[in-house]
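Have the viewer open as you read.

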Amino acid sequence: MALAVLAAAGWWWTSRATVRRESGLNVLLVTIDTLRADAVGAYGRAGGPTPWIDRLASAGVLFTNAYAHNVVTLPSHVNILTGQLPPEHGVRDNAGFRAPSSGDTLATVLQDRGYRTAAFVSAFPLDARFGLGRGFELYDDRFAEGPRPPFLIQERRGVDTIERARQWLAEAGEGPWFCWVHLYEPHYPYQSPEPFASRWPGDSYLGEVASADAALGPLLAPIVEAGSDGRTLVVVTSDHGESLGEHGEATHGIFAYESTLKVPLIVYQPRILRPRTVETVARHVDLLPTLLDALAMPLPDGLPGRSLLPAIATAGEPPDRLVYFEALSGSLNRGWAPLTGIIRGGFKYIDLPIPELYDLHADPHEQKNLAATDTARVSALRAQLDGIRSSGPVQAAHRESAEARERLRSLGYVTGSGAPPAAGHSEEDDPKRLIGLDTILQDILDRYLEGDLNGALTKGRDLVRRRPSMSLAWMHLAHLEREAGNLDAAVDAMRRAFALGAGNSEPLALLGAYLTEAGRAAEAADLLEPAARASDADTDVLTSRALALARLNRTNEALATLSRARQSDPSNAMLLVHVGTVELTSGNRAAARGAFEEALKLSPGLARAHSSLGVMSLEDGDRGRAVEHWKAATSRDPTEYGRILSLGIAFARNGRAADARACFEFFSANAPPSRYSRELDRVRTWLNDVR
Ligand SMILES: [Zn+2]
């Protein structure tokens, strides 16, 4: 009798507390970059900025305590897709790291199970070169519409990304398919388009959040309308949040307070999940196990995450999960103390020279540091943290950096101490003490974007005087010196940025480009040689070396180097523009035209390809065609007016008055007077004088 009652109770309990699994469901993973949980309507934000996410949430499962493990884009997405923690997969920051080239990811597992797979990403940190494309039959990262701009990250509008995803989904049909869509709107700089700018005046971040949500509409509408007839399992989350000034941090990447570490997480599939709110802690590494569990698939071994389905079923199992987190950008790019930490039992411990402990229930805004008073809890949490930190490689930055540094030394440059010291940080190196320097970096950026180059330059020079060990400050200064035409100063600043940086190939590639620009191409080619020789050489390093070789008339080597870059980044249309330019310089006009046209096939709006084809048309005597290409170029990128003007001046100097006239007439008729008033005067005088 007692046994029967127990058995019946057991049956009742499990049946009530089980989520049905269903194999063959489609999976849509949506990651919205830099989206704070509390900017979402379903998480309490007033004013309805996110109606589409809210519709999913009201018919799905909303996690109120979901966490990322990193506060920057690349590592956070590696966590989601591999189900591993950063000490396990080794990706600790955006620059200088690559996703592992082996092992299971959500994409490889589903592809092995016969799923069609595609990813549509919207910004450079997720470029194919960083290795997240494994397992995706299509990895669409076509946001390179020109050369990489200084300071800003290349991105694609959410509506364009969604449009590409919808085209693929229409083709993928019934599936099963796995589609990952990444939107970038809420990331700085906040330039929300209409009507969102007017709807959220004075809060351009929220305007960007709203425009990302609106972009999702056409993708989500058919899924929401299908309700329980639909066969798509949707997960919406963000890679990290945004500080918006809290704790003195403007954006994200330095600290790991709730404003950047806590993320929205919504899981939607009405056939198997009933609407509910779950307060159990959920982590990004739980997503892969949860999705595979929901699809009734076995889990790969040895993952740190657990399926969230039991927690969804019972709203309480397991009672608590341990969240490991880290924020290493300050350490890797600025030479500050590394930040790691752990959340357990409602307490957050942040391990820094000045340690922090917060009671997240009583103090959700993390204003009262309990580390000095609750030392027992600090010791216990630190011991758990040590266990996780020591579980994998500490750094997997590009090995080429050491060799390249050595080359720098052999070329007579003083490289300083190399990598920042890994240990021995004092309270002076604590990011809480140094966040003011980041505010200055932000201010430099703001001034530059507003067009105040001199103001930015003054601040930049001041910053490196105050903190000469900060790689990122030197890199900012190098950009600014170059923009101001001080090439030697730019070379010097970039050299120092590279010497201080921890394995980041970006300053190395830029240093090479600056040297070439300064007429020191032989030095550049030499400097980049060891890094370019590596089998997994960075695309920018290869490009930089190719352009130096081209300047030295080593055309074949330049083309071979560009061809290697194209292998690692096949959708990058700018690489084809470089191929065209190298061919053109060495007199191979047919090959050059072919490369520019191929670039336009990859990226139809690519301004630089259009302006180069314009010049070729002009030289072929087809002036009408030239003007067409220049219109296309300048409508996409107004800075191309400057190039067409320079070209006209070069023609005029070389006695090619007719070609010069074509350039100047185009410039005179089309260039915006607000930006080019002086140049327009000079060009019109020339046109009047030379008749
Ligand atoms: Zn991000």
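This is a predicted model: local features need pLDDT of at least 70, side-chain atom pairs count only at pLDDT 80 or more; totals for chains, interfaces and linings use all residues.

## Two cis prolines

Pro 176 sits in the loop between helix H6 (158–172) and strand S5 (177–183). Helices here are DSSP runs of H or I with at least four residues, strands are runs of E with at least two, and both are numbered from the N terminus. The bond joining Gly 175 to Pro 176 is a cis peptide, with omega at about 10°. Pro 195 is found in the loop between S5 and helix H7 (196–199).

Residue numbers start from 1 along each chain as its sequence is written.

## Two positive phi values

Most residues other than glycine have a negative phi, and most peptide bonds are trans. Thr 34 isn't a glycine, yet its phi is positive, about 65°. Look for Thr 34 in the loop between strand S1 (26–32) and helix H2 (51–58). Thr 34 counts as buried because it has 28 C-beta neighbours inside 10 Å. (Buried takes 20 or more other C-beta atoms within 10 Å of the residue's own, exposed 12 or fewer, partly exposed in between, with C-beta atoms placed from the backbone.)

Glu 366 is not a glycine either, and has a positive phi of about 55°. Its loop runs between strand S13 (356–359) and helix H13 (375–389). Glu 366 has 20 C-beta neighbours inside 10 Å, so it counts as buried.

## How H28 meets H29

Helix H28 (657–670) packs on helix H29 (673–689) at about 135°, with the axes 10 Å apart. Axes are lines fitted to C-alpha atoms over the stretch in contact, and angles run from 0 to 180 degrees between N-to-C directions. H28 and H29 are therefore oblique to each other; angles under 35 degrees are roughly parallel, over 145 roughly antiparallel, 65 to 115 roughly perpendicular, and the rest oblique.

From H28, the contact uses Arg 661, Phe 664, Glu 665, Phe 667 and Ser 668; from H29, Leu 680, Val 683, Arg 684, Trp 686 and Leu 687. Contact means C-beta atoms, placed from the backbone, within 7 Å.

## Domains

The chain is assigned domain 1 (20–329), domain 2 (400–542) and domain 3 (572–691), with bounds from an automatic or database assignment. Taken over C-alpha atoms, the centres of domain 1 and domain 3 are 41 Å apart.

Note on methods: Two residues are in contact if their C-beta atoms, placed from the backbone, lie within 7 Å.
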